[in-house]
Amino acid sequence: MQKIKNKWMCQKFQIQQEKGKSGKKLPYHNLLLSLTMEFADLILVPKLDSVVLQAPFAKPTDVSVCITGHHIIFSTRKQGAEELWLMHDNIDTLEKRCTSGIAGGSIILRCKDFRTIRLSIKSSIDFQNLVTSLERLSSLDDLRLQYAFFYRPMYQILEDGWTAFTVDSEFSKLLKSDEWRISYINSDFSICPSYPKAVVVPKAIDDETLIAASRFREGGRFPVLSYRHECGAALLRSSQPQPGPNNKRCREDERLINCVLAGGKRGFIVDTRTLNLAQTAKSRGGGYEIEIYYPQWKRINNPIDKVSNLLDSLTKLVDACNDPSLSSDKWLSKLDGSNWMTYLKDSLNCACLVAQFLDQEGASVLVHGAEGTDATLLVTSLTQIILNPDCRTVRGFEAVIEREWIQAGYPFTKRHAHSAFCPPQLRAKSIAPTFLLFLDCVYQIHYQFPSSFEFLPTFLISLFENSYYSQFGTFIGNNEMEREKFGVKENTASLWSYINRPEILQTILNPLYEPNNSVIWPSVAPMSLNLWSGMYLRWIIDQKPDQEMWNAIVKLKDKEKELRGEAGRLRRQVEESNHAHSSAELQMSSLSLDAGPS
């Protein structure tokens with residue numbers, strides 16, 4: 001009987017999500033219905049009353065808990081109280097605590113957005129059933145079971161986010177020149193599984209050369225164009241070459257990157273690894289560009305610590321932020337010991353170096369680490385934020401994330417399987433918050449240049465959340481090949497379609513924004529870096545005062561705009577009055593002359 005009720009609830013929830021404004025059945029309907037029935041078998045207790053909820057900034061509250069295929073919903077009968085919806089994908093770890101001699105127990109949910117929620121249940125049976133249900137639903141591996149495949153937007157889609165940032169549209173001006181072209185050599189993903197179908201490469205290089213170069217680069221990630229600066233210097237990215245201990249060479253790879261340098265110019269290869277790590281990789285079959293084969297390129301090691309250490313660093317940072325009992329000295333010691341601020345400094349420092357080569361020396365740059373999917377994308381993205389004012393607008397920033405992270409093959413599903421609360425036994429090397437590090441670096445630049453960005457830091461927080469758990473399909477999958485395999489674009493909604501709606505866009509616009517067409521050079525001195533309290537302390541320190549401040553600024557800017565308009569109107573009235581007065585004087589003068597002696 002309980003299972004039948006559970007199936008009915010899941011189907012009801014599914015039907016509600018499937019109905020758009022048209023009310024028509026959408027593609028994938030039959031498959032989703034069968035998957036919904038699978039959820040029914042996972043949920044042992046669909047509804048539970050008299051649960052005590054302890055959530056941030058709220059007193060312990062008696063609530064009813066409802067579990068659906070993708071959410072745990074907390075509701076209370078108190079007037080004015082809002083429901084709390086928590087997506088199962090947001091649960092990082094689940095800790096259960098039983099008290100000896102007392103029925104029931106407590107469940108502590110530690111979330112990927114750094115929030116902690118505690119539930120107290122009186123019945124031992126209900127406690128165990130709820131634990132089992134949540135453990136099952138928060139650890140599903142099948143991408144098709146993610147909420148994005150079930151969610152159906154209830155708003156009108158004004159712009160299709162899936163087609164907003166194609167290679168053709170993003171590089172349209174550049175492709176009119178004789179220097180670059182789009183190659184579709186990877187149209188079936190056979191050359192490089194982590195690259196998109198279309199990439200921008202030098203026009204003088206044919207596809208056969210690209211195929212040969214891909215065999216020389218780890219994972220097939222041959223050098224492709226990331227950004228072309230206004231002076232003509234090119235920013236390329238790739239994975240490490242594979243000369244190995246025998247110093248193998250690849251003439252096609254050499255020709256590919258040398259083709260970027262014109263008129264005897266020199267370029268720079270920025271390796272995001274230490275020299276020791278690069279040499280160790282060389283002994284294992286990887287390596288770096290051998291100088292005698294790339295004489296026009298100067299190789300520089302500007303290391304960013306290994307990505308495998310990044311999750312531990314974030315965990316230490318979040319642990320420090322979640323412990324309000326720490327004294328000032330211990331807090332500063334823990335913050336320093338987390339090494340997170342060092343990651344920020346090293347990342348910004350490397351991006352500034354690349355930007356300096358491009359802007360001040362007019363030299364082309366190739367960036368790579370080992371796989372070319374983490375520190376490489378971090379540096380090329382930040383470089384564009386520094387150099388290109390368009391990337392500091394909402395749409396331009398969306399384009400950077402689309403080009404440099406989503407299409408470029410950052411493995412979101414692998415990297416974001418867990419967050420800061422991930423238990424030691426589940427800490428795979430593939431889990432890393434590199435994208436969060438990028439967003440934090442952008443925040444640091446935003447903090448130093450608050451008027452140069454069209455968007456508020458809350459936009460960055462929203463991107464962080466949606467990259468870990470979301471009703472949108474934008475961040476699903478590890479690469480374009482996976483997204484095509486699961487029909488993500490056809491069967492899910494795009495985050496960009498939602499954000500770019502006027503009423504949503506209005507909530508993230510920066511009232512202090514003044515377009516700045518200059519290059520902005522962030523300081524990487526330790527005293528210039530700032531702990532992002534809006535991200536790491538938002539469940540500890542109430543952020544409402546900050547929001548109220550921004551709301552007050554918006555009102556002041558609106559008032560200023562209104563007063564400027566009124567001043568302009570009064571100025572025009574004065575000018576018209578002066579003009580009329582002058583005309584009247586001229587007319588009187590003319591009449592006086594006409595009335596004079598002949």
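A salt bridge here is a side-chain nitrogen of Lys or Arg within 4 Å of a carboxyl oxygen of Asp or Glu. Keep in mind that this is a predicted model.

**Stop one: a buried pair.** Select Asp271 and Arg273. Their side chains meet in a salt bridge, 2.8 Å from N to O. Both Asp271 and Arg273 are buried.

Now pick Glu289 and Arg217, whose side chains form a salt bridge at 3.0 Å, N to O. Glu289 sits in the loop between helix H8 (275-283) and strand S13 (297-301), while Arg217 is in the loop between H6 and strand S10 (224-228), so the pair links distant parts of the chain, 72 residues apart. Glu289 is buried, with a relative accessible area of 2%. Arg217 counts as buried too, at 1% relative accessibility.

Select Asp207 and Arg181. The closest N and O atoms of this salt bridge are 2.8 Å apart. Which one is buried and which is partly exposed? Asp207 is partly exposed, because its relative accessible area is 22%, and Arg181 counts as buried at 18%. In total, the structure holds 24 salt bridges.

**Stop four: the sheet.** Switch to cartoon view and find the open sheet of seven strands, ordered S4-S3-S2-S1-S7-S6-S5 with antiparallel pairing. Strand S4 (84-87) and strand S5 (91-97) stand at the edges with a single partner strand each, so one side of each has no neighbour in the sheet. From one strand to the next, the twist averages 30°.

Zoom in on S5 and strand S6 (residues 105-111): they run antiparallel and are joined by six bridges. Ile91 stands opposite Cys111 in S6. While you're there, select Glu95, Arg97 and Arg110, which are linked in a network of salt bridges.

Next, show helix H3 (residues 124-137). H3 lies across several strands, including strand S1 (47-54), strand S2 (61-67) and strand S7 (116-121), and runs at about 160° to S5.

**Last stop: a serine in a loop.** Jump to Ser528, in the loop between helix H20 (502-508) and helix H21 (533-536). What does Ser528 touch, leaving aside residues up to four places away in sequence? Gln444, Gln448 and Ser523. With Ser523, the side chain of Ser528 makes a polar contact of 2.8 Å.

Conventions
Residues are numbered from 1 along each chain as its sequence is written. This is a predicted model: local features need pLDDT of at least 70, side-chain atom pairs count only at pLDDT 80 or more; totals for chains, interfaces and linings use all residues. Side-chain values use heavy atoms; hydrogens and water are left out. Two strands pair if DSSP finds at least two bridges between them. Helices (H or I, at least four residues) and strands (E, at least two) are DSSP runs, numbered from the N terminus. Axes are lines fitted to C-alpha atoms, for helices over the stretch in contact, and angles run from 0 to 180 degrees between N-to-C directions. Contact means heavy atoms within 4.5 Å. A polar contact is a pair of N or O atoms within 3.5 Å; within protein, one must be able to donate a hydrogen and the other to accept it, and residues adjacent in sequence count only if both atoms are side-chain atoms. Buried means under 20% relative accessible area, exposed over 50%, partly exposed in between (1.4 Å probe, protein chains only).
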